[in-house]
Amino acid sequence: MKRRKVIQSLSTLPLFGALPLAEAGAKSVSKKRKRDVIAELGIRSFINAAGTLTYMSGCIMHDEVVETIDNTSKHFCMIDEVQDKVGEKIAKLVHSEAAMVTCGAFSAMTLGLAGVLTGLDVRKAEQLPHLTGTDMKSEVICQKCHNERYNHAFLNTGCTVVEVETIEDVEKAISEKTALLHFLNITAHAGQIKYEEWVALGKKHHIPTSIDIAADVPPVSNLWKFNEMGFDMVFISGGKAMRGPQSAGILMGRKDIVAAARLNAPPRGFTVARGHKVNKEEILGMYVALEKFISGDHDREWTEWEAQIARIEGAVKGLPGITTSVTVPELGNITPTLTISWDDSIVKVTGRELRDKLRFGNPSIEAGFSGLPLYYYQAGSDSIDPAIEGTLNGASLIRVTAWMLQPGEDKIVARRIREEILGATAG
Ligand SMILES: *Cc1c(COP(=O)(O)O)cnc(C)c1O
């Protein structure tokens, strides 16, 4: 069967596109059935055993976040007042001078840099991204292994990114054009220059420093660690592990920079970031998500993830040709991650094929299928860099995480993976 046919036939099955498990069978059955637009349009919904991936719609928001969005949507507020009040609260929670809600970590990067470039000069804000012929700075310096694709956020301001490897390189690269020294947390150990050295370079040359920690909670302490370390700006996503709105994030940092970033942000209309609109529901939802995340019981949650992963591992461990391992990435997407790999002379399926069997099975399940770290997928879809994909398509492994599973879904994932592996095992 062609893939589209499979999708069509699956959408007529009872479980497919049904309400999420947590809602099914809830006490609301007697109430009028809510409109289910996902099912109405035949959109595939699925159990997410892959992770907090943007192209899979990120995360399931906390009930309290959804409630906040719902309650606040019935009122008008001045956007600037919402940002003022929320920013003050967030800054206290993350130990920074100031903060604002942006429409994601990427948006925080563009807005933060825009703020550095323009200060509070309205005319400059209207000039971005055209820097030539102005007295604005135009370069961001970062380590080569930190110059990842999300740095496109900086290019949007008109700046270019200059790559360096050593402290001497930085000293040489710094000029009157240098706007920002940027650091990427997930590749922190790959670069020669360490966090503190990076911050010190900024202080020495009076150039702001920034760090992208978009997907890097848990641990919850990362929310304040880099502010306390002295970074002038910290960028984080709201719609990953924090389970806030997928289209929200936070810019935290120096008061003057956040104020200047606000000048470049909506509701103001003639700026490079007018498209970075976040309405009051999401600004307030982001605040509640952050508060919930900080006060959450992270040890208990971790133990639950481990138990769920152990259940899925237990379902396949010991099957012929199967090897399992549970690891925790040191940086970025820090959650117990199960890798199931196999001897392809015994289990006759590739990782990608198994991923597809889970994806187009019933219920639909998404799992990671290559040897790539999760963050690789964040950029768009799993049609990643064709050069990399080609070499990994055939890899005999899948990857599973539990942090985006809803209660009870681990059992379904365990059963489905076991079924497919047994089905592919030479008899
Ligand atoms: C997810 C991610 C981003 C983008 O974050 P958004 O909140 O989706 O804008 C930037 N950098 C890294 C390292 C990420 O993982």
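Predicted model: local features only at pLDDT ≥ 70, side-chain atom pairs only at ≥ 80, totals over all residues.
Local features are described where pLDDT is at least 70, side-chain atom pairs count only at pLDDT 80 or more, and totals for chains, interfaces and linings use all residues. Residues are numbered from 1 along each chain as its sequence is written, and side-chain values use heavy atoms, with hydrogens and water left out.

**A strand on the inside**

Let's start with strand S3, residues 139-143. Strands here are DSSP runs (E, at least two residues) and helices are DSSP runs too (H or I, at least four residues), numbered from the N terminus. Five of the five residues of S3 are buried, so the strand is largely enclosed by the rest of the structure. Buried means under 20% relative accessible area, with exposed over 50% and partly exposed in between (1.4 Å probe, protein chains only).

In a regular strand the side chains alternate between the two faces of the sheet. In S3, Glu139, Ile141 and Gln143 point one way, while Val140 and Cys142 point the other way.

Two packed helices are described by the angle between their axes and the distance between the axes. Axes are lines fitted to C-alpha atoms, for helices over the stretch in contact, and angles run from 0 to 180 degrees between N-to-C directions.

| Helix pair | Angle | Axis distance |
|---|---|---|
| H13 (residues 298-316) and H16 (residues 409-424) | about 20° | 8 Å |
| H14 (residues 351-359) and H16 | about 130° | 10 Å |

The angle of about 20° makes H13 roughly parallel to H16, whereas the angle of about 130° makes H14 oblique to H16. Angles under 35 degrees count as roughly parallel, over 145 as roughly antiparallel, 65 to 115 as roughly perpendicular and the rest as oblique.

Contact means heavy atoms within 4.5 Å. On the H13 side, the residues that meet H16 include Gln308, Arg311 and Ile312; among their partners in H16 are Asp410, Val413 and Ile417. By class, this contact of H13 with H16 has seven nonpolar, one polar and four charged residues. (Ala, Val, Leu, Ile, Met, Phe, Trp, Tyr, Cys and Pro count as nonpolar, Asp, Glu, Lys and Arg as charged, and the others, Gly among them, as polar.)

From H14, Leu354, Lys357 and Leu358 meet Arg416, Ile417, Glu420 and Ile421 in H16. The contact of H14 with H16 divides into four nonpolar, no polar and three charged residues.
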